[in-house]
Structures are given as C-alpha cells and as structure tokens.
Amino acid sequence: MSSLSRDDVAKLAGLAVAKLAGLARIEMSDEELVNLSNEFTVILDAVARVQEVAGANVEPTSHPLPLRNVFRPDVVVPSLTPEEALSGAPAQEEQRFRVPQILGEE
Amino acid sequence: MIRNNAADMAAKLVSGEVTSVELTQAHLDRIADVDADVHAFLYVDTEGALAQAAAVDAKRAKGEKLSPLAGVPLALKDVMTQKGIPTTCGSKILEGWRPPYDSTVVTNLKKNDIVILGKTNMDEFAMGSSTENSAYGPTHNPWDLTRIPGGSGGGSSAALAAFEAPLAIGTDTGGSIRQPAAVTGTVGVKPTYGGVSRFGLVAFSSSLDQAGPCARTVLDTALLHEAIAGHDPKDATSINAPVPQVVAAAKSGDVKGMKIGVVKELNGDGYQPGVRARFEESLELLAKAGAEIVEVSAPNFEYALAAYYLIAPSECSSNLARFDAMRYGLRVGDVDGASAESVMNLTREVGFGKEVKRRIILGTYALSSGYYDAYYGSAQKVRTLITQDFTNAFEKADVLVSPTCPTTAFKIGEKANDPLAMYLNDIATIPVNMAGIGGMSLPSGLADEDGLPVGFQIMSPVMKDERMYSVGAALEAALLSKWGAPLLDKAPVMGGAR
C-alpha cells in the first residue's frame, strides 16, 4: 500500500516526536527522535487499550479525592527571605533572578 | 545492634543501654562498610545526623518526654526536600540543589526526633521500577548485588535490607514503595492518598503520588506511619481527619472473623511459580489465624496499567515543566544573546534522562488537542471503573490481597531497553494508586526456583489503613514462627561489621 521505506516512516514519525519535543521544550538529536518514535509506537499501541472500556456513560475521574478550594486566613506569615529564595538561582542580579532574554531583539 | 528492629532500638534508647549517638554512629559505620557495594545512598549527612542524635540524647538526659521513635536513625528518599541538604530526585537537572525549606514529612521526622542519616537513591523523578534510571548509577539488591532492588525507591529498600538503616521514607505513585519492599524482603506501606502530606515531595504525578513508611517489620512501619501522617494545611489534598490507629492494629494483629478477598485478576498467568506458591501458603496461614478467605473479581484491573501509563505521563509532563533553568537547578547554553527558550531546550536535553523524556513526550501527546479524549480522557474513565471495582470488592471483603509483583528481583540491565516489560512489574500495585486506597507489601518467603524474596500485598479501603496492619502483623507472626527467624537472616552476609 505504502511506497514509503522503513527509513521514511521512521523519519515521518520522528517529525511528529520532534514537534512534541519542541512543545515540551526538550532539544533532541535526530538519533534520539528516531529511537523515541519507534518506542512511542509500541507504547501507544499498548495504552490505546483504555478506549475499549471508556464508554460515553462512564464519568471521568481526575483525582481520588473530591477536591475543594482551600483558603487560609489573609494574614502575613513568615516565608522565604529573598536570599533563601535566590539560593538555588543559576544566575542573579540585584536580588532578582537573572534570566536569558525572553523577547526578540526588536 | 544494627540488626535489631526499630522498636527494639527505641527500647534500648529508653533503658539507656545505648545512646542515639552510638546507634547513629553504628549505622554510619555500616554505610561506610557496605555502601560502596550497595549504593543505597546519594548523600550521607554524617555531621547533621550526629548533631541531631546528640540533641536527642541531651533531651533524654534532661528527662524530657520523647516520641516512640526518638533517636532512631532513618534513610530519606531523595525526592523529599530537607533544608540545606542536597535534593536531586536522582536527576542531573537538580544536581547540587540545596532546598531552602523542609518538606512536611521532614518537619514531622524532626519533631519526632528521628535521626536523618542521608538521602537514598531512586529512579529519576521516581519514574521506574529498578532504580536503574538514576542519573547517579543503579542501587544493588543486598540479596544479590547483580539484581535490582526495585524502584523507584530502591535506595530506601536496599538500605533497610543491608542494615544501613532500620527505617526509611519512600514515595509510591504506581508501586515505588511496595515493589522495592517485595524484592528486598522488607516492609513498605503506601498510606491512603492524602494521609501523609505531599508538601516538599517533588511532584511526579500529583493525583497518584503518596509518601509512606518503610522498615523491616510491620510494627516499625506502623510507628513511622503515625510519626509522619496527619493533616497539613500546606497540602490542599491532605485529608483533615484523625490518623488511622495503625500502631494499635500492628500490635494486636488480630484477624479473627476478618474477610480477606483474593483478587482473581491479580494472580495466575504471568506470575512466577514461586511467587504464587508463597502467596497460597500465606493465605493458608491467614485462614489458620482465623480469617475467612473469599475470592473477589475486579474485571477492569486489566486496563489499569494502560490507564496509568497515560495519567502518570500526562501529569508528569505538566509537573516537570517547572524545571525550566530559570530559578534553580541546572542551566545550560546561557551564552550572550541566547533566548530563554533555547536555554530551556538545551537544559532539559542535558538534565533529563531517557525515561523522563519518554514520559514527558508521551504525556504531551496524550494531552494534546485532538488526542486528549482518546487517551487522557479514556484513561480517566478507566480510573472510575477501577475505583468502582474496589468499591464492589470491599463490599465482600475487609481487605484485598495479591502478590505484590509478578516476579522476584530481575538482573540489572535485563529490562533496561524494554520499557513495556519494565512497566509490567507494576501490574498488581497500580490499581491501588488509581483509587487512592492504602496498600502494604510484606515478605512472604523466598521463591523456590531462585531463592529470592517474594512480597505479599494487602489493600485496605480509604482511611482504613489499620486493617492492612492487622492482617500484615498476623501474617508476619505466623511466618516468623514457621521460619524461626526473620527472612533477612537468610540474606548473604555483607561487610565486616557483623
């Protein structure tokens, strides 16, 4: 049916994983992308089984507990000092986190 | 001294036969003696542990009222923050990070004067069943150093089995406390979800993660359980209700008239013969102790593994977004003119290992528009069905039981390149996390074919954790009188300290 070679298929699957890796903000080598896409196909086949029993009449469960919003009294309590909050920072400047540029040059 | 259980150590501290400094030093010596072979620890806090021990001894000398485990040493899984102590989660991305705050579990340990020896090895961000996914190298099973100690909490289980610590903390998202306990001949409990605070537990899959106690006996596990459990305003998912009376249950070990449900689907094909034999034997012992054994069915459990490997990666892809190289941890590629996005991409490429990347990508896919309903949405429905299966089963039985895992410890490297084979280890432990109920694993003997430990799993309904402790204590007592000595006495002798 398909005129694509195995390498072509792997390359196409690699492109799909490349897009996901981009969304997840993980740089990946071509080799990593191809390996992962091969594994990915197998894992997806296995997990797709959930669809067999997930009928429209079944309510989804996102959490084991009935979650409610929890409030605390609006009073000041001790928290981390600026020094403590910055203690793990890869880079800092003037008691702030120093980060790489977020917007473009213009 | 190091081979005693924690309750006996505590009694000797009370009687003055030994001081906490001596007891702590004995464990530090043991770690120095055997940990080059076992590699249970990522960090040993010699100075801090001895200082904490000296402080407990001083309090005791003054006649202060102390908690039951005061002065007894403990090993802490490296996924819990401890102020000023390196916390890596087994990942390069957190190498060298010293958190500026204590997790609530650590706060509770300190309040109870339990001495923290150091941080134990784990699969990176608790993703794995063998501790081979640690960026700092695998931990070895004290029963056979060529085999895995389970995962993700293999460092904690190995530390207990190698007598490097009498108590340990684990976390369990799909079996990471119970499976390591099973394959090392130790005891591990995943409390009811919400029973122990998650504040300061570095999140993997928030709706499944639960911290819990690990030890060598059921009573020691119960004592540690009560020390760390309870409501915490810092964790919105913490249950605001009294802690189940697990110590009293572990002391009584009474199962007369209790109904024990054998889950039909968690036995049989795929379970090693020695695992099944030890399971059947344990059932007979529980029946002799006065329990009634019934069979229950949970037809949707067969979908639990598939649902788990959608839900956990989905939640992890979101939780691990916090490792963005901006506020703490590793930063790579921060050269002049580099964008924040390229720094994130490069940092996460270098900082995360293979399995973590695999799960982030899978989760990103399962949550993406167009696939959400088919994958994540369907998995959530399966979660409902599994919870219903438990509800139905608990109408017929007070607790449910199964083997903890299908096999004994496998060889290091044996399943490293086959993610699906690795995932199958958790087939019997995952349903518990999906429903948020309690689960325990305790040793039920050695498999005839390989002489390695087998685990027996007990599951109890939400906030009825005391039931699994009653059953666990009854089985432990029956097995102990059958064997004549604790199972760990059969493990190979290590080091020169004995």
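What follows is a set of questions and answers on a predicted model with chains A and B.

Visitor: Why is Ala7(B) called buried?

Guide: Ala7(B) has 20 other C-beta atoms within 10 Å. The cut-off for buried is 20 or more, so Ala7(B) counts as buried.

Visitor: Where in chain B is Ala7(B) found, and what is Ala7(B) in contact with, leaving aside its neighbours within four places in sequence?

Guide: Ala7(B) belongs to helix α1 of chain B, residues 6–15. With those neighbours set aside, its contacts are Leu219(B), Asp220(B) and Leu223(B). A contact requires C-beta atoms within 7 Å. As for Pro273(B), 266 residues away along the chain, its C-alpha atom is separated from that of Ala7(B) by 34 Å.

Visitor: What makes chain B agree with a compact globule?

Guide: The radius of gyration does. For 498 residues, a compact globule would have a value near 23 Å; chain B has 21 Å, and therefore the two agree. Along the principal axes, the C-alpha atoms of chain B fill a box of roughly 70 × 55 × 45 Å. Buried residues account for 63% of chain B. Of the contacts in chain B with a separation of 6 or more, 77% are between residues 24 or more positions apart.

Visitor: How many helices and strands does chain B have?

Guide: Chain B has 16 helices and 11 strands.

Visitor: Which residues of helix α4 of chain B are buried, and what do they pack against?

Guide: Helix α4(B) spans residues 104–111, and its buried residues are Thr104(B), Val105(B), Val106(B), Asn108(B) and Leu109(B). In chain B they pack against the strands β2 (73–77), β3 (115–120), β4 (167–171) and β6 (211–215), and against helix α7 (218–228). After α4(B) comes Asp113(B), with a positive phi near 60°.

Visitor: What is chain A made of, and how much of chain A is buried?

Guide: Chain A contains three helices and two strands, in the order α-α-α-β-β from the N terminus. Of its 106 residues, 18% are buried.

Visitor: How many residues does each chain bring to the contact between A and B?

Guide: Chain A brings 44 residues and chain B brings 58. On the side of chain A that touches chain B, α1 (6–23), α2 (30–47) and α3 (82–85) each supply at least two residues. Helix α2(A) gives the most, with six.

Visitor: What classes of residue make up the side of chain A that touches chain B?

Guide: That side of chain A has 30 nonpolar, seven polar and seven charged residues.

Definitions and conventions
Residues are numbered from 1 along each chain as its sequence is written. Chains are lettered from A and ligands numbered from 1 in the order in which they are written. This is a predicted model: local features need pLDDT of at least 70, side-chain atom pairs count only at pLDDT 80 or more; totals for chains, interfaces and linings use all residues. Helices (H or I, at least four residues) and strands (E, at least two) are DSSP runs, numbered from the N terminus. A residue is buried if 20 or more other C-beta atoms lie within 10 Å of its own, exposed if 12 or fewer, and partly exposed in between; C-beta atoms are placed from the backbone. Two residues are in contact if their C-beta atoms, placed from the backbone, lie within 7 Å. The radius of gyration is taken over C-alpha atoms; the globule rule is 2.2 Å times the number of residues to the power 0.38. Ala, Val, Leu, Ile, Met, Phe, Trp, Tyr, Cys and Pro count as nonpolar, Asp, Glu, Lys and Arg as charged, and the others, Gly among them, as polar.
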